[in-house]
Amino acid sequence: MKKALILLGCPEAPAQTPMAVYATYKLTGLGYEVTVASTPSAMKLLEVTDPLKYYIKNKIDIESCLNNAGENSYDFLLGFVHKDAAVSYFVTFYHVLSIKSSMAVVFERDAELLEKFIEDLNESTETTIVSARAYHNPTPLRVKFDRAIEQLGEQ
Amino acid sequence: MSFCLDTYLQESENYEILISKAGFKESKKFIEEHSSKVMYVNAGEKILGVRIIGIPPIPIGINEDKDTVTLSYTKPCYGTAVIELPVKKEEINNIKSLAINPYKK
């Protein structure tokens, strides 16, 4: 079974948790075994959101995941990027995993910051980027994510 | 037991936070401007027992007179800090062995 890793950033952006559940649902539908790596607080949000583990079956602390990850541990990397630190984490995982297939979901309220995050990702990765000015409302991201994930399914 | 940066920062006060809650590129520039020697490593290399996080090439400042290293330290909710801490010669040698370039400056 193909394996996907979803990276969550700081959970202060409200759109992240519902998008994480939604992305897990979509990737599971494409046949991936999905693991979500996050901070303890982001993990608590997922646990309350999905108490029966209907969508999210596998969760792991982001630091231990990074320390134990190696080349070819996963087939697909999906990262939520809405802070500078999340760019750094995504790029680091991208290189540690030597990942061939990846997607960064970049969102921010501020257009300049959004552009900066995209530039930083483009500078050091060849990842697919899905971006939108968003913070509370996940819909702009979900619409673009759906288009991108549809293309992934066709590959 | 081998050195672990996370444990060290929790249990020791013998380190200096030079900047905090910064972006990675700001931290990189700070290390480059404030270190007598700078080495660069790839993202995810194990430095002081943990994988270093950032956009490669990632700078590490080395002060061989004081036996200290200056490096970026990133956490998801707190951004990037630059810390300087004393290390053993063997840790400096380990960083040298992982360096993409031997020296800059």
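These exercises walk through a predicted model with chains A and B.

**Exercise 1. The sheet of chain A**

Task: Find how many strands form the open sheet of chain A, and in what order.

Solution. 
- Start with the count: 6 strands make up the open sheet.
- Read across: the order is 3-2-1-4-5-6, and the pairing is parallel.
- Look at the two ends. Strand 3 (58–61) and strand 6 (128–133) of chain A are the edge strands, and each pairs on one side only.
- Check one pair. Strand 2 (residues 32–38) of chain A joins strand 3 of chain A through 4 bridges, in the parallel sense.
- Pick out a bridge there: A:T35 has A:N58 of strand 3 of chain A as its partner.

**Exercise 2. Helices on the sheet**

Task: State which strands helix 1 of chain A touches, and which strands helix 6 of chain A lies across.

Solution. 
- Take helix 1 (residues 16–29) of chain A. This helix packs on the sheet and touches strand 1 (2–7), strand 2, strand 4 (76–81) and strand 5 (101–108) of chain A.
- Compare directions: helix 1 makes about 160° with strand 2 of chain A.
- Move to helix 6 (residues 139–154) of chain A. Helix 6 lies across strand 5 and strand 6 of chain A.
- Its direction runs at about 160° to strand 6 of chain A.

**Exercise 3. The nonpolar core**

Task: Identify the residues that touch the most other members of the largest nonpolar core.

Solution. 
- The core holds 75 residues.
- Those touching the most other members are A:I6, A:L7, A:F90, A:F93 and A:V105.
- Ask which element gives the largest share: helix 4 (residues 84–97) of chain A, with 10 residues.
- Zoom in on A:V105. Leaving out residues up to four places away in sequence, its contacts are A:M19, A:L78, A:G79, A:F80, A:V81, A:V130, A:L141 and A:F145.

**Exercise 4. Chain B and its contact with chain A**

Task: Work out which elements of chain B give two or more residues to the side that touches chain A, then follow strand 6 of chain B through its pairings.

Solution. 
- Count the contact: 17 residues of chain B meet 18 residues of chain A.
- On the chain B side, the elements are strand 4 (50–51), strand 6 (68–75) and strand 7 (79–86).
- By class, that side has 8 nonpolar, 7 polar and 2 charged residues.
- Strand 6 of chain B is mostly covered, with 6 of its 8 residues buried.
- One partner is strand 5 (residues 58–63) of chain B: antiparallel, over 4 bridges. B:G61 bridges to B:T70 of strand 6.
- In the hairpin of strands 5 and 6 of chain B, 4 residues lie between the strands, and B:D67 takes a positive phi near 55°.
- Another partner is strand 7 of chain B: antiparallel, over 8 bridges. B:Y73 bridges to B:A81 of strand 7.
- Strands 6 and 7 of chain B also form a hairpin, with 3 residues between them.

Methods:
Residues are numbered from 1 along each chain as its sequence is written. Chains are lettered from A and ligands numbered from 1 in the order in which they are written. This is a predicted model: local features need pLDDT of at least 70, side-chain atom pairs count only at pLDDT 80 or more; totals for chains, interfaces and linings use all residues. A nonpolar core is a set of buried Ala, Val, Leu, Ile, Met, Phe, Trp, Tyr and Cys residues joined through C-beta atoms within 7 Å. A residue is buried if 20 or more other C-beta atoms lie within 10 Å of its own, exposed if 12 or fewer, and partly exposed in between; C-beta atoms are placed from the backbone. Two residues are in contact if their C-beta atoms, placed from the backbone, lie within 7 Å. Two strands pair if DSSP finds at least two bridges between them. Axes are lines fitted to C-alpha atoms, for helices over the stretch in contact, and angles run from 0 to 180 degrees between N-to-C directions. Ala, Val, Leu, Ile, Met, Phe, Trp, Tyr, Cys and Pro count as nonpolar, Asp, Glu, Lys and Arg as charged, and the others, Gly among them, as polar.
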